[in-house]
Amino acid sequence: MEDENPIRLMDAIIIAQGNIPSDDDYNNLEEEEEGEEDDNDNYVTDALSNENDDNGDAIRVINAMIVVHNNVDDEEEREDDNNDEGVDDRDNYVADEDDDDEDNENHPDTNEIDSVEIIPDNTFDMTLSTSHSYLGNDLEVLRGRTLLDNGIYMDLPLLADNTVILFPGQTLPMMVKYDARTIDMIRKCMLKERTFGVASFNYDKGLPIGTTAEIYEYSESQRGEGVKMKAKGRQRFKILKIRAGGGRFSADVKILPEIELGPPFFEDRLKSLDCLRIIPTNDIEAKKQNIVTKRESILTPWPAWVYHNYDARRLVIKIHNYLRFVRSRGSNIPTDPIELSYWVAQNVIVKDETKKKLLKFDCAINRLQKESKILEKLFEKLFVCIKCRSKIGKQCDVFPMNMEGPQSAYCNPHGAIHETVTLYKATNIVLRREPPSIECSWFPGYAWTIACCSTCGDHKGWKFTATESHQRPKYFWGLTRASLVWQNPPRKKKKNNHDDDVDDVDDDDEKEYDSDDSAFDENNTDNN
């Protein structure tokens, strides 16, 4: 028996006794785990002392080993439960600026956001903004899809645009009227595979990772007014060499694969428990599966919670918990790990360098782990102006006006692409004196007015006002991602205390925001 594989031995014991654990066994085991440590020691001693009962004692010894081994996990589970409660508490955050003084009295150490959630009514048809109806209804729908083989090398036309970082699954609208070189590039793409590359890079920081964009709707004016199109992000690529000639960019690229990893316990699993395995889709199912994974973790060098950090489905549940407030306001959040990892990267407001890091990861698990750390801190942050650090908004003010999420890319008639996040409340904003315009409105039924920071005058985005009295919301704000940065909420001032430094949520080790990483070009005044 000394040469027997421990996994087969334990399987044989469980099967021989017919003791495949049931729901009652789960409940009993949970009660045992909640007992005092002295009771656990006595339980182990009793189980090991009865050597004459070969069958019953074998099972009790295994269960005793599990109970003792899982004591290591108790502290981590309590911490996870506290984190879940924290998520629920964050769901109840409020965007009410007038009650800040009252909050300071209740929370002397921090300027917290109120705890009453305000969800605005929304009667807007979000499919209009998702389909980018402002481009017109004369675009031709192109059938078929181009799927490039992973690992191939190819020459790819390149759109070098520092205003957008494209992720797979993201929509890229474009209106090009005056840029003859870009129009020529698009025309050549239409003659081949309808695919070009999108990359945001700085020459002094090396060659970046980009994303292929496939054109799926296209229209070209016969009167020389340029082209309009919609493209969808498809696959990541690595730039090997850039060639520039005649103002055009192309690159030798390598198409990067998306690595998918299976369940972390698959190789060491107990096959006798396969009938109890499910793919967890919520916290209740995940906690029920904890019993299975804990039984298997005693066969490995690491406790169960370590493997949970590499379980894609558990990471999906964790991120969905962080995004409850967004889902409650109408966002369709993906459940597939790969799609979710790209969705979060597209919709979370972080600086450009962090988005590029997320794009470099070749596995959804790595992206989800990083995004989970970002979202854990996100709700505590404020939107501030990238130039003067004036407070603009709060995360709890964000709500979707697009089926793809609260942040999407839009283009204006001048060809400028703006990654825009929608909020129903903003502060320290002044409007231009021009009357609201409905020309090329990204949200049909709403008129836009240019909005700037009231302190420094920097362009922040637009205020969208309903043109009909029955529309809800009556107004909202569309702010450009490039004009915002995150900051910690201000703490109560004490003597000789300086203002808090800007803390970008995506860096654990950086306390000051480097504006060079996500600079906003004040000369780009071509607004909607």
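Cys 452 is buried, at a relative accessible area of 8%, where buried means under 20% relative accessible area, exposed over 50% and partly exposed in between, with a 1.4 Å probe and protein chains only. This is a predicted model, in which local features need pLDDT of at least 70 and side-chain atom pairs count only at pLDDT 80 or more, while totals for chains, interfaces and linings use all residues. Residues are numbered from 1 along each chain as its sequence is written, and side-chain values use heavy atoms, with hydrogens and water left out.

The cysteine sulfur closest to that of Cys 452 belongs to Cys 453 and lies 8.6 Å away, which is too far for a bond. A disulfide is taken here as a pair of cysteine sulfur atoms within 2.5 Å, and by this rule the count is zero disulfides. Cys 275, at 58% relative accessibility, counts as exposed.

Gln 170 is placed in the loop between β2 (153-160) and β3 (171-176); strands (E, at least two residues) and helices (H or I, at least four) are DSSP runs numbered from the N terminus. Gln 170 is buried, with a relative accessible area of 1%. Once neighbours within four places in sequence are set aside, the contacts of Gln 170 (heavy atoms within 4.5 Å) include Ile 165, Lys 232, Gln 346 and Glu 419.

The aromatic pairs number 14, counting rings of Phe, Tyr and Trp (its six-membered ring) whose centres lie within 6.5 Å, with planes under 30 degrees apart called stacked, over 60 edge-to-face and the rest tilted.

| Pair | Centre to centre | Angle between planes | Class |
|---|---|---|---|
| Trp 442 and Trp 462 | 4.8 Å | 75 degrees | edge-to-face |
| Trp 442 and Phe 464 | 6.4 Å | 35 degrees | tilted |

Because Trp 442 lies in the loop between β12 (429-431) and β13 (446-453) and Trp 462 in strand β14 (residues 459-466), their pair ties together parts that are 20 residues apart in sequence. Phe 464 also lies in strand β14, so its pair with Trp 442 ties together parts 22 residues apart in sequence. Trp 442 is buried at a relative accessible area of 0%, and Phe 464 counts as buried at 0% relative accessibility; Trp 462 is buried too. Ring pairs link these three residues into a cluster whose members also include Phe 124, Tyr 410 and Phe 476.

Finally, Lys 463 lies over the face of Tyr 475, 4.5 Å from the ring centre, a charge being over a ring if NZ of Lys or CZ of Arg is within 6 Å of the ring centre and within 35 degrees of the ring normal.
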